[in-house]
2 protein chains.
Amino acid sequence: MKTSGFSFRVTARRGNARTGVLTTPHGDILTPAFMPVGTQGTVKAMTPGELAAPPLDARVILGNTYHLYLRPGLEVIAAHGGLHRFAGWPRAILTDSGGYQVFSLATLNKIDEDGVTFRSHIDGSQHRLTPERSMEIQAVLGSDIAMAFDQCPPGDAGPPEHDLAMARTTRWAERCLKSTRPPGQALFGIVQGGPDAARRRAHMQEIVSLGDFDGHALGGFSVGEPLPVMYALLDEIAHELPEDRPRYLMGVGTPPDLEHAARAGIDLFDCVMPTRNARNGNLFTSEGTVVVSNAAHRADIRPLDPECPCETCRTTSRAYLRHLFMAKEILYSRLATLHNLTFYARTMARLRAEIAGEHTAA
Amino acid sequence: MKTSGFSFRVTARRGNARTGVLTTPHGDILTPAFMPVGTQGTVKAMTPGELAAPPLDARVILGNTYHLYLRPGLEVIAAHGGLHRFAGWPRAILTDSGGYQVFSLATLNKIDEDGVTFRSHIDGSQHRLTPERSMEIQAVLGSDIAMAFDQCPPGDAGPPEHDLAMARTTRWAERCLKSTRPPGQALFGIVQGGPDAARRRAHMQEIVSLGDFDGHALGGFSVGEPLPVMYALLDEIAHELPEDRPRYLMGVGTPPDLEHAARAGIDLFDCVMPTRNARNGNLFTSEGTVVVSNAAHRADIRPLDPECPCETCRTTSRAYLRHLFMAKEILYSRLATLHNLTFYARTMARLRAEIAGEHTAA
């Protein structure tokens, strides 16, 4: 990796899959790794201590530039010396560029070659993001890994829109690379191109040929394309991303998605699914998805998942979780989120062991 | 105390105030003590582990018979062997009788000498509570301390209503005493009588003369009467409750209320104020109440209360708390509740030290 303080070492290979250690100024990340999403300066319902404690043991969380820029605002985070100290999180942070939220959450006023003018989804106030501004904001946030500002086409975009987004994303990537970053902040480039392999490969070559990115991400996945399309595309292109740098699949996905993508060569993942599904009552277990509101759980004294070592499964029953959910108790969201994130973390640990050829319990 | 497994030992006196140790089958409670309210089988936003950890170190929590009877329902809690195991709380539990909620939350259909018929505030279903039924429910909950089923007059009740409630509460107390309780469950009687000292004293004598209660409670306080009325009444009657058994002031109050009542001779307290105020953005500190949404805290990197040893004050800034509150993040309620309950616990610890004549930091 190009940036001082970072390194990526592949430790084992199995087909296109690999395990690795991504070293950052805020600690090592064992890959393939899942990054819990901390949209507004908190992984919803969780404390930093809970995220870091084994077996969950999150090594890196994601922060959202768009959300944090709008609220609490940069001067608040700057007063704390960055997002790590604002949120009390001592391990690594990756920030997105704000692009995805601008294109999905905000009211867009103008997209031009220079950047994007939009209205806040909170109060309607008008703001502008450009590649340079995104890098400035991420510098204030002080994340370990910043993402290049890209143009994200909608899920139903056609080839002309993809071509436009690819070309612009490349030019914006060059501008991000030219921006000054604080010491100890790496920068990842983003590959767009939609569901077509030739387009993906062409854009990958453009982004990779810029040469200076510390890692590479695949954007614009899981935006509505059929699962076989996503899987086939990942099989074809993920392993073609540079071997010596981390590969990050943005915003994906279910545990089977992560397994498939890791086998295709992906190292890093993020998704709101484990945290959001937890709050909505959908829990991942070794016996399949548990819909916690189901009346079958009403008086069930068994743990949610007998194979799970998380505090929720060690100390509570399905009936208690269902009761807390039905009564809209805050403790439900805590216990459910802890479990779902632990399930994801255990899925990644199992994948790492499998790739490394280690014996592991199913 | 009459019930096996319980004892109350006064360890120090100062005027009418006293410190004591209330021994229960689920551990010792140092009095004066504040009991966090766990309405629906959870002290809102908190885990049992957090409640039990010093400096909060809650020794007893309150469970609400009315709420738990309606949801999740008795057979669910019975399947777990009681509320302790359902909620994962290994220390002591006091349950109220359901009377207060029936008279304040439910739609009342009929009050007669036998009991109360009401409609659930959740689904409108019709239910009936009598002294015997309340004791049966509390037996299933398996609390350490059950409360007698009483009739609670509204805050604006006049003398005739108080006289009626007193007489009926006495007759219901006798029926509660005659009910079978599970081994290891104590029973406290409740004194009504409204804001008039003579009436309070008369009812106290009736309840105390029944002889068999393990402790005595003052009900019907903090229902709208002026603070000087409450304080004067407590000064006059609290110390007249039996000296050798715990005295419990139900549903009160602010930290100054607790200080005043403890000096008048009260040993046990419960109130939703620390937990509810926390969630609503009102935080108790050594420098007075902090309204967390106040713009003054926007970029304030100082801890909420520099004198507080709780995790919230040790690890977060006022700005971070304000941000989480404004963004409606679940983590806010957790951090705020932990702090407010710790403030109450520290208030009680300071009072105990003061009564015992021990030197303590302000």
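Predicted model: local features only at pLDDT ≥ 70, side-chain atom pairs only at ≥ 80, totals over all residues.

Colleague: Through which surface do the copies meet?

Modeller: They meet through the same surface, because 100% of the interface residues of chain A are also interface residues in chain B. Each side is counted separately: 35 residues come from chain A and 35 residues from chain B.

Colleague: How much area do chain A and chain B bury between them?

Modeller: The size of an interface is often given as the accessible area lost when the parts come together. Here chain A and chain B bury about 3,100 Å² between them, and 56% of that lies on carbon and sulfur atoms. Of the area that chain A buries against chain B, 19% is supplied by A:His323, A:Ile330 and A:Arg334, more than by any other three residues.

Colleague: How many salt bridges and how many residue pairs in polar contact does the rule find across the interface?

Modeller: The rule finds 6 salt bridges between chain A and chain B. For one example, look at the side chains of A:Arg298 and B:Glu75, which form a salt bridge at 2.7 Å, N to O. There are also 21 residue pairs in polar contact across the interface.

Colleague: Which elements give two or more residues to the side of chain A that touches chain B?

Modeller: They are helix 3 (74-79), helix 4 (83-87), helix 13 (318-326) and helix 14 (330-355) of chain A. Helix 13 gives the largest share, 5 residues. By residue class, this side of chain A divides into 17 nonpolar, 9 polar and 9 charged.

Colleague: Let us turn to the backbone. Which residues other than glycine have a positive phi, and where do A:Asp57 and A:Lys328 lie?

Modeller: Most residues other than glycine have a negative phi, and most peptide bonds are trans. Examples of a positive phi include A:Asp57, near 50°, and A:Lys328, near 55°. A:Asp57 lies in the loop between helix 1 (48-52) and strand 6 (60-63) of chain A, and A:Lys328 in the loop between helix 13 and helix 14. A:Asp57 is partly exposed, at a relative accessible area of 25%, whereas A:Lys328 is exposed, at 75%.

Colleague: Which residues does a cis peptide bond join in chain A, and which in chain B?

Modeller: In chain A, one such bond joins A:Val252 and A:Gly253, with omega about 10°. A:Gly253 is in the loop between strand 14 (247-249) and helix 10 (255-263). In chain B, the bond from B:Thr31 to B:Pro32 is cis, with omega near 0°. B:Pro32 sits in the loop between strand 3 (27-31) and strand 4 (33-35).

Colleague: Finally, with which residues is A:Glu206 in contact, leaving aside its neighbours within four places in sequence?

Modeller: Those residues are A:Met166 and A:Thr170. The side chains of A:Glu206 and A:Thr170 are joined by a polar contact of 2.4 Å. A:Glu206 belongs to helix 8 (residues 197-209) of chain A and counts as partly exposed because its relative accessibility is 33%.

Conventions:
Residues numbered from 1 in each chain as written. Chains lettered and ligands numbered in written order. Heavy atoms only, no water. Helix = DSSP H or I, 4+ residues; strand = E, 2+ residues; numbered from the N terminus. Buried < 20%, exposed > 50% of the residue type's maximum accessible area, 1.4 Å probe, protein only. Contact = heavy atoms within 4.5 Å. Polar contact = N/O pair within 3.5 Å; in protein donor to acceptor, adjacent residues only side chain to side chain. Buried area = accessible area lost by both parts, 1.4 Å probe. Salt bridge = Lys/Arg side-chain N within 4 Å of Asp/Glu carboxyl O. Nonpolar A, V, L, I, M, F, W, Y, C, P; charged D, E, K, R; others polar.
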